[in-house]
Amino acid sequence: MFERIFGHFSTDLGIDIGTASTIVYVKEKGIVIQEPSVVAINSRNDQIIAVGEEAKQMIGKTPAHIITSRPLLDGVVSDFEVAEKMLKHFIDKVHRETFSIFPRPRVVINVPLDVTEVERKAVEDAVMNAGAREVFLIEEPMAAAIGARLPIQDSTGNMIIEMGAGTTEIAVIALGGVVAWKSLRLGGDELSKNIINYVRDQFNVLLGEKTAEEAKITIGSAHEKDAMMETKVRGRDLLSGLPKAININSNHLREAMSRNLGIIIDNIKLVIESTPPELVADIYEKGVYLSGGTSQLRGLAKKISQEISIPVTVVDDPLTAVVRGTGIVLENIEASKDLFVVSQGDLI
Ligand SMILES: Nc1ncnc2c1ncn2[C@@H]1O[C@H](COP(=O)(O)OP(=O)(O)OP(=O)(O)O)[C@@H](O)[C@H]1O
Ligand SMILES: [Mg+2]
């Protein structure tokens, strides 16, 4: 009874908490927050100084007593207290803006496929301590598939690969459940690091993370047939210690990223091999879907398609597929109960 009254008035939230960014969806309103997962804290009094974009701008520029920190490492909440502070900041912000009478929302939030009991509990507690009334966990590729409107409840197989900053999650979904999967702690951040290492080894120049990521996004390429592009990047000459600008091109970046892209493709093949034949037949027919920020890497869909001989499509608006999926689930939590991750404790 109370649940019904509360449920009617509170602003329930769908949250995609990611290594690079966190996105918040409000029931009946849509996406209201999309910010980097970064928090700046004053270590003298433990107070938050900035969250999101503002905190990201401070990275590498703060005085000793201000610490910028990322609560997620490789897709998993690694700093529980900072994660809680960040979520509380976002949840409070939504409530200030929506003038909700009942401030405690229900929250649907993503976790990786291979989430451990400890990690699952950390996310749950962080969300509850941040002010939620109830929390429901959903596997990230499941949320992405729902956001992309794939027919996940059908008996036919759907394959989705959610490629973020810290993780790549490969999943085959049928009848509302994940049938075959692999979760790799390898994503776009690692690809940017590969570029830093490559440029250091080949040119003796050390690039900053932001520079490497920008080069990856503007001229990066995963397929040999992609048009060659070139850009000027600035870093520190390791011999002289002074700033230096060099020209790098798409071929350099592809070579830098090739080993890790190869690992991702090998794991996609392994998941297909472990999928029941009937579902594989469906996937051949329907194709494979990519979502997440890294799915936008130029030539990646074409490269994967060539390697697995199945059509590959990037879903519309791949960065927000997960949060839109949590939003769809939020609209009908009762009917979605089977989709949520249950704790081992709940099963006993
Ligand atoms: N056009 C692009 N080409 C290549 N990479 C891109 C592009 N746009 C964004 N990215 C990469 O996508 C990643 C961010 O994706 P996303 O926001 O989905 O990650 P996340 O959800 O925060 O991380 P995770 O789910 O792994 O915890 C970053 O590594 C970024 O460099
Ligand atoms: Mg993500």
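**First stop: Ile-109**

Select Ile-109 and skip its neighbours within four places in sequence: Ile-109 is then in contact with Ile-15, Ile-17, Val-123, Val-127, Val-135, Leu-137 and Thr-326 (contact means C-beta atoms, placed from the backbone, within 7 Å). Bear in mind that this is a predicted model, where local features need pLDDT of at least 70, side-chain atom pairs count only at pLDDT 80 or more, and totals for chains, interfaces and linings use all residues. Residues are numbered from 1 along each chain as its sequence is written, while chains are lettered from A and ligands numbered from 1 in the order in which they are written.

**The core**

Ile-109 also belongs to the largest nonpolar core, which has 96 residues; Val-24, Ile-109, Val-127, Ala-145, Ile-160 and Val-172 touch the most other members. Such a core is a set of buried Ala, Val, Leu, Ile, Met, Phe, Trp, Tyr and Cys residues joined through C-beta atoms within 7 Å; buried is 20 or more other C-beta atoms within 10 Å, exposed 12 or fewer, partly exposed in between. Colour helix α3 (residues 80-98) next: with seven residues, α3 gives the most to this core.

**The sheet**

Now show the open five-stranded sheet, order β3-β2-β1-β9-β10, with mixed pairing. Helices (H or I, at least four residues) and strands (E, at least two) are DSSP runs numbered from the N terminus, and strands pair if DSSP finds at least two bridges between them. β3 (30-36) and β10 (134-139) are the edges, each with a single partner strand, so one side of each has no neighbour in the sheet. Zoom in on β2 (residues 21-26), which pairs with β3 in the antiparallel sense over six bridges; there Thr-22 stands opposite Glu-35 in β3.

Axes here are lines fitted to C-alpha atoms, for helices over the stretch in contact, and angles run from 0 to 180 degrees between N-to-C directions.

**Two helices**

Move on to α6 (residues 188-203) and α7 (residues 209-219), packed at about 105 degrees with their axes 9 Å apart. Which residues in α6 meet α7? Leu-191, Ser-192, Ile-195 and Ile-196 do, against Glu-209, Ala-212, Glu-213, Ala-215 and Lys-216 in α7.

**Last stop: Asp-46**

Finish in the loop between β4 (39-42) and β5 (47-51), where Asp-46 lies. Phi of Asp-46 is near 70 degrees, a positive value in a residue other than glycine. Is Asp-46 buried or exposed? Asp-46 is exposed, with 9 other C-beta atoms within 10 Å.

Methods:
Two residues are in contact if their C-beta atoms, placed from the backbone, lie within 7 Å.
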